[in-house]
Amino acid sequence: MLAFLVWITSLVAAGALICLTVVALIAFSDCESDDLNPMELAKTVNLYVLPEYLIFGVMMSLFLISGLWLEILINLPLLGFHLYQWWYHKEKIDPTKVFTDMTRYKIVYFSKLGFFMLCFFFYLYRFIYTLVTTLTS
């Protein structure tokens, strides 16, 4: 039963992380096309940084409590990246440097989107695998 809760929670968390990343990418696209000014971009994207870190932290904590070492190993690079950004105070977007760092921000957020999508389908696979093995035994 605990495995089902972990997988359902991780699926919901991965879906939420995908949504937060897509919102940030849309905001970057709007800023590039001058539909959004840099102050509003920074306000919008910085609003979602803490929820992203909290959701990811809860998901990693669930994997740690459940002893899912493969999932922890898969998520370790992104955890290291988040810790690096937090340690050096680079997690927030500076509105004065938006246009000079736009390419880097977009690369980071597209990479996160790809990573979260791969994780979502991996968690979906593990959820179905757990469901099938539990029901057949």
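I take helices as DSSP runs of H or I with at least four residues and strands as runs of E with at least two, numbered from the N terminus. By that rule I find five helices and zero strands in the protein.

I note that this is a predicted model, where local features need pLDDT of at least 70, side-chain atom pairs count only at pLDDT 80 or more, and totals for chains, interfaces and linings use all residues. Residues are numbered from 1 along each chain as its sequence is written, and side-chain values use heavy atoms, with hydrogens and water left out.

Whole protein. I read the spans of the C-alpha trace along its principal axes as about 60 × 30 × 20 Å. Of the 137 residues, 37% count as buried (under 20% relative accessible area; exposed is over 50%, partly exposed in between; 1.4 Å probe, protein chains only).

Helix 3. I looked up residues 49-66, which form this helix of 18 residues. From first C-alpha to last, helix 3 reaches 26 Å, close to the 26 Å expected at 1.5 Å a residue (1.5 Å times one less than the number of residues).

Which residues of helix 3 are buried? I list Val 49, Glu 52, Tyr 53, Phe 56, Met 59, Met 60 and Phe 63. They lie on the same side of helix 3 because they cover an arc of only 130° around the axis (taken from the directions from the helix axis to the C-beta atoms). On the other side, Leu 50, Leu 54 and Ile 65 are exposed.

I then checked the partners: the buried residues of helix 3 pack against helix 1 (2-32), helix 2 (38-47), helix 4 (69-87) and helix 5 (102-136). Contact here means heavy atoms within 4.5 Å. Just after helix 3, I find Gly 67 with a positive phi of about 75°.
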